[in-house]
Amino acid sequence: MVASIISVLSFNFLFTELYYTLLAYRADYPITFFIMLIVAIITSTLMSNVKEEAMIANLREKRIEALYRSNRKLLQAENKKQVTDFSGESLVKILNKDVMICLAKDNILEEENIYYKKNTKIKDMFISYIDKEAMKYSFNQKIPCGLGTNYYKNIKNYYYPIKGQNKIIGINLNDENRLTNTEKILLESISVQTALAIERENLFEKNRKVSLEAERERLRGNLLRSISHDLRTPLTSILGSVSTIIDNNEVLDGETKKELLKNIYDDTVWISQSFENILSMTRIDEGRLKLNKKIEIVDEIVVEAVSRVKKFSKSHNINLSLPEDIILINADGLLIEQVLVNLIQNAVRYTPKNSNINIKIIKDINYIAFEVEDNGCGISKENIENIFERFYTKTKSNQGEQRGIGLGLAICK
């Protein structure tokens, strides 16, 4: 309005007779000037309204964009900690204020997560006694409190509970920098997104635990069935051999006794190895298998693995091909040895007597490869994709069907 009045007076002063005065030469000039003034005021008012609408539209666009970015980030979160971090970082960018998100467990507020805006690191802004009380009140009563509310209004922070979740959002404010209605709407919208994301993670965690428990029960059932089925045969053989020796000790010749004792020995070794694999798989499932990595000599690992297998298999020719240089690796020697033992035992189990088993160490620039090679019947194409599955024992050898629990290669993997 001031600009409109000044523009009309300037027009009269510069462009109408008498020039350079505010006196009107003609009687119709005041009417003209009045109409000009009305038009200028109406035009400026309309332009002001257009600018205000544009500003509101721009603000809404920024709000929607901020909510979209926040929601997209929350969808990418893989756990509740990431949900909290993404929410805090989004609020700092949107509100340009320091933000605190406090977690709660069993309805008790725990450690605060503070997200600072640029150039601020005031660590004690949320930890005063009155702030702690305000947080508890907001959390328990499920209502906002702090600056700009009717509760704890003398503090400089604003606390907003995430409804339906055990969390609370705190925002550092002052008398000149209160939250606007638009910012409160954004805060509420992001808190709803955060609540949904946390609920999603809670459901995912519950489903994961249920799935793990179901998988554990399935594996336990398979293990019991496998043990009861596969151990029955060697135990029956041992029982038969022992009873034969006891009942016919006087009439059996030395060669027959030796053969029966060898059968007992072989079956006992097989049971011992099976239980060793079962215990290893149990440690893996329960997370009790810890890596003990240290500098190991490759030759010693391979020689120890071969010596363990040779105790129980003297009918195969195991050949070693070791590099001339001493190779050092940073690994868990016992676990690598267990892998080699299982691979060599498979080679022994699925190849004819007196066949060759070749073990090679291949040194490359970036890795060391352990290779176990035999001249058995190989693995059929339909079985090749399943050999690392637990309890999978459908492979046949030149010696016929081979018994096994089916854990050796699963442990290797």
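This is a predicted model: local features need pLDDT of at least 70, side-chain atom pairs count only at pLDDT 80 or more; totals for chains, interfaces and linings use all residues.
I started at Ser 321 and looked up its bridge partner in S9, which is Lys 360. Strands here are DSSP E runs of at least two residues, helices are H or I runs of at least four, and both are numbered from the N terminus. Residues are numbered from 1 along each chain as its sequence is written, and side-chain values use heavy atoms, with hydrogens and water left out.

Next, the strand pairing (DSSP must find at least two bridges between two strands). S7 (residues 317–321) and S9 run parallel, joined by five bridges. S9 also pairs with S10 (residues 368–374), antiparallel, over seven bridges. I found Asn 358 bridged to Glu 373 in S10. Four residues sit between S9 and S10 in their hairpin.

Then I checked the largest nonpolar core, which has 18 residues, with Val 302, Ile 318 and Ile 344 making the most contacts inside it. Such a core is a set of buried Ala, Val, Leu, Ile, Met, Phe, Trp, Tyr and Cys residues joined through side-chain atoms within 4.5 Å; buried means under 20% relative accessible area (1.4 Å probe, protein chains only). H8 (298–310), S8 (328–331), H9 (333–349) and S9 (356–363) each supply at least two of its residues. H8 gives the largest share, six residues.

Last, I looked at Ser 4, in helix H1 (residues 2–15). Ser 4 counts as buried because its relative accessibility is 5%.

Note on methods. Buried means under 20% relative accessible area, exposed over 50%, partly exposed in between (1.4 Å probe, protein chains only).
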